[in-house]
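Open the model in your viewer and keep the selection panel at hand. The stops below go from aromatic rings to charged side chains and then to a pair of helices.

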Amino acid sequence: MSNAHPPLYQIIDWDVHFENAKSRTYDKCQYVVAPNKHGGSGWSNVMATEDGAAIWGIWCLLKDLCSRQRRPREGWITSDGKKNGRRLTVRELSNQFRRPSEEISRCLQILQSPEVAFIRIVDGQAEHLSQIPDGYHTDTAVSADYPEGVSAPDIESKKVTKKESSDLAEENGQKTDTGRIPDGYHTDTAVSVDDLIQHAEAKTLITDLALAVFDRKVRDADWSNPEKDRWLDDALPISRPDWFALDWLYRLPNDDDALKRTARCQSFEAFLQNLRREVDKGKTLRKQLGLNGAHSIEPDLGDGWTPQRKKAFVGKFGAEQQLPPKFSDLGASCRRQLDEAHEPA
């Protein structure tokens, strides 16, 4: 079913992301100015869904549609590109894009979710369909909303084991595809989506590392800097094993023999700008030293405390001394002393 009064959608920050000095001079553009980076949290959360490619394709069509509007373009998904213009419904977008209404509805739901936030509803409520779109995942961070009177499917009652699924396929004369990548994994990395570090967590981890290594307190103003935000965006997502290699590299004592093989950035800005390259350095160095999988310091990616750090803290200050909530709450020199006191597990 559809609403009598369709919602008003707007692409967020259209002028910032999808215009440049030249495009703003054109009354009607014949091309789209769009970022070509991949790895941001919005893109990653879209592609983590089973139908991520379809959602991304429709998102590109929406950008095409808005780019053809007359200037000044503001990303309004309406017939004339104006805020007060006729609002385009799911059915009309389906007709224009030659795609099923279910796909359009699903895409709009995902794009407006907090985990993606590519578009927003300025007025009204999302149009709901009478059926749940194909490709819905209950285990993803973003999910479809259900219309009134329609309940979510009973997932627990429908779960089957891999063996049961294989047996059922064989009974039906079908060949089991054992090479299929499990849901929630990326085919290019075979890393679980849950094992990928995204923006919010990355900022916390980097803030802790910058304080420990560069004695640099990273503030909110640093992350509001478009250039720094872009550097971080270009490096994400980072898998947890990759982050461990980076964290390990930068917490090595300055006189460690391992650092004769490679050099580390000497400032926070250089570190952030070359974040992806520094991750690769850490991985390469650990491989050269034969440390793959041999984590002498297993990091706790929450509060920064590890069993080894806690042991070193007690040994230095005594068990009666209260442990600070976060490892980063300690002074830089104290953190360095505790890390240097680590013994191989």
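What follows is a short tour of a predicted model.

**Aromatic pairs.** Searching the whole structure gives 10 aromatic pairs. Select Tyr26 and Tyr31 to see one of them: the pair is edge-to-face, with 6.2 Å centre to centre and 90° between the planes. Now colour by accessibility. Tyr26 has a relative accessible area of 32%, and Tyr31 has 34%. Both values lie between the 20% and 50% cut-offs, so Tyr26 counts as partly exposed, and so does Tyr31.

**A ring cluster.** Next, select Trp14, Phe18, Trp56, Trp59 and Phe118. Ring pairs link these residues into a cluster.

**Charges over rings.** Which ring lies under the charged end of Arg264? Show Tyr250: the charged end of Arg264 sits over its ring, 6.0 Å from the centre. Then move to Lys316 and Phe317, where the charged end of the lysine is placed over the phenylalanine ring, 5.7 Å from its centre.

**Two helices.** Finally, select residues 52–67, helix H3, and residues 90–97, helix H4. How do their axes cross? The axes come within 11 Å and cross at roughly 90°. Angles of 65 to 115 degrees count as roughly perpendicular, and H3 and H4 therefore fall in that class. To view the contact, show Ile58, Leu61, Leu62 and Leu65 on H3, with Leu93, Gln96 and Phe97 on H4. Of the residues in this contact, six are nonpolar, one is polar and none is charged.

How values were computed:
Residues are numbered from 1 along each chain as its sequence is written. This is a predicted model: local features need pLDDT of at least 70, side-chain atom pairs count only at pLDDT 80 or more; totals for chains, interfaces and linings use all residues. Side-chain values use heavy atoms; hydrogens and water are left out. Rings of Phe, Tyr and Trp (its six-membered ring) pair if their centres lie within 6.5 Å; planes under 30 degrees apart count as stacked, over 60 as edge-to-face and the rest as tilted. Buried means under 20% relative accessible area, exposed over 50%, partly exposed in between (1.4 Å probe, protein chains only). A charge sits over a ring if NZ of Lys or CZ of Arg is within 6 Å of the ring centre and within 35 degrees of the ring normal. Axes are lines fitted to C-alpha atoms, for helices over the stretch in contact, and angles run from 0 to 180 degrees between N-to-C directions. Helices (H or I, at least four residues) and strands (E, at least two) are DSSP runs, numbered from the N terminus. Angles under 35 degrees count as roughly parallel, over 145 as roughly antiparallel, 65 to 115 as roughly perpendicular and the rest as oblique. Contact means heavy atoms within 4.5 Å. Ala, Val, Leu, Ile, Met, Phe, Trp, Tyr, Cys and Pro count as nonpolar, Asp, Glu, Lys and Arg as charged, and the others, Gly among them, as polar.
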